Amino acid sequence: MNNQIEHKRDSLFAQPLGAVSEFRFDQSVVDVFPDMLTRSIPGYQAIISQSGLLAARYAQPNTNLYDLGCSLGATSLAMHKAMLDARAENVNSSHGCVIHGIDNSTPMIKKATKVIETQTGQSVNENFNTDGIPIMLHCEDMQSSELQNASVVAMNFTLQFVPPDDRDNMMQSIANAIEPGGVLILSEKVTFDDPVLSQMHIDMYHNFKRANGYSDLEISQKRNALENVMIPDTLNTHAKRLANAGFSSSSVWFQCFNFASVIAIK
Ligand code: GEK
């Protein structure tokens, strides 16, 4: 992320940990988060900035834009910037829009507040009576958030942390909140039914992490920590879930190895 707040290099899994405990979004993760995601998710920066452009394309006046699992606010910031840029070019559909970042990790929301305020120069949870686009942050479980009147919902690498049995309901509440013509941007780590393809993607993903400076020990300890916490679906499962929830069409718009982003149109 490009701001003046210092972020440390991720070395959380660099030393042998004996029994690796389950991954949690605590302060230690928050401190290294931008570095962790950039070095661990192929295409992360591209997905975040294009999420902003998609948001600017699909934002409707007087609606909400949601960033579910906002972490440090990277997607909210990308939406904010792209919508202001569109305004400057008079491609303006953001009048009366509010961006809402939702995350259930207190340390994430605390740091997101600092990052957003530093980067935008505007206070979080304020700015309603100006020409700007307000950004609100909510520390809550998105499974019980009251989503409504949405033109754009971004869920970048967050559905994978929702227990699989809860995912259909989560998707239904997102679809119910989106107005006709609105969109969901859904980015996820994915799995593949074909074992040969599956192995290729996993191997290439590990090569990507090695090329970004992670050791084999870090890769395997992180994989163990995430095993029961992050459970990916196939793209086919995502497409079926989106259709069942009421989206009229969906398409993969980005994929690099086993990471993909889908746009679903209501
Ligand atoms: C980015 N989108 O930078 N409710 C709210 N937040 C949740 C929940 C939940 N039930 N479960 C997990 N989270 C961001 C990256 S990270 C992805 C998203 C990753 C939050 C969790 O606290 C964390 O901040 C985020 O979802 C997932 O584009 O670390 O791989």
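How many salt bridges does a search of the whole structure find? Six. I'll come back to some of them, but let me set the ground rules.

What we have here is a predicted model, so local features need pLDDT of at least 70 and side-chain atom pairs count only at pLDDT 80 or more, while totals for chains, interfaces and linings use all residues. Residues are numbered from 1 along each chain as its sequence is written, and side-chain values use heavy atoms, with hydrogens and water left out.

OK, the ligand. There are 21 residues around it, and the closest are Tyr-44, Gly-69, Ser-71, Asp-103 and Asn-156.

Helices here are DSSP runs of H or I with at least four residues, strands are runs of E with at least two, and both are numbered from the N terminus.

Now the polar contacts, meaning pairs of N or O atoms within 3.5 Å; within protein, one must be able to donate a hydrogen and the other to accept it, and residues adjacent in sequence count only if both atoms are side-chain atoms. The side chain of Asp-103 puts an N or O atom 2.6 Å from an oxygen of the ligand. A ligand nitrogen sits 3.2 Å from a polar backbone atom of Asn-104. And from the backbone of Asn-156, an N or O atom is 2.8 Å from a ligand nitrogen. As for cover, the ligand has 660 Å² of accessible area on its own, and the protein covers 94% of that. Those areas are Shrake-Rupley with a 1.4 Å probe, and for residues only the protein chains shown count as cover.

Let's look at two of those helices. For α2, 15 residues at 1.5 Å a residue should span 21 Å, and the end C-alpha atoms are 21 Å apart, so that agrees. The expected span is 1.5 Å times one less than the number of residues. Buried residues in α2 include Tyr-44, Ile-47, Ile-48 and Ser-51. I'm calling a residue buried under 20% relative accessible area, exposed over 50%, and partly exposed in between, with a 1.4 Å probe and protein chains only.

And α3? Eleven of its 15 residues are buried, so α3 is largely enclosed by the rest of the structure. Among them are His-80, Met-83 and Arg-87.

The rule is a side-chain nitrogen of Lys or Arg within 4 Å of a carboxyl oxygen of Asp or Glu. One of the pairs is Asp-31 with Lys-8, where the closest N and O atoms are 3.8 Å apart. Asp-31 is in helix α1 and Lys-8 in the segment before α1, so the pair ties together parts that are 23 residues apart in sequence. Both ends are partly exposed: Asp-31 at 22% relative accessibility, Lys-8 at 49%.

Then there's Asp-168 with Arg-241, at 3.0 Å between the closest N and O atoms. Asp-168 belongs to helix α5 (residues 167-177) and Arg-241 to helix α8 (residues 235-245), so this pair ties together parts that are 73 residues apart in sequence. Arg-241 also meets Asp-233 in a salt bridge, 3.1 Å from N to O. Arg-241 is buried, with a relative accessible area of 9%, and Asp-233 counts as buried at 12%. Through shared partners, salt bridges join Arg-167, Asp-168, Asp-233 and Arg-241 into one network.

Last stop, the backbone. Most residues other than glycine have a negative phi. Which way does phi of Asn-125 go, positive or negative? Positive, near 65°. Asn-125 lies in the loop between α4 and β3 and is partly exposed, at 36%. Phe-157 also has a positive phi, about 65°, and is not a glycine. Its place is the loop between β4 (150-156) and α5, and Phe-157 is buried, with a relative accessible area of 6%.

That's my tour; over to you.

Notes:
Near = heavy atom within 4 Å.
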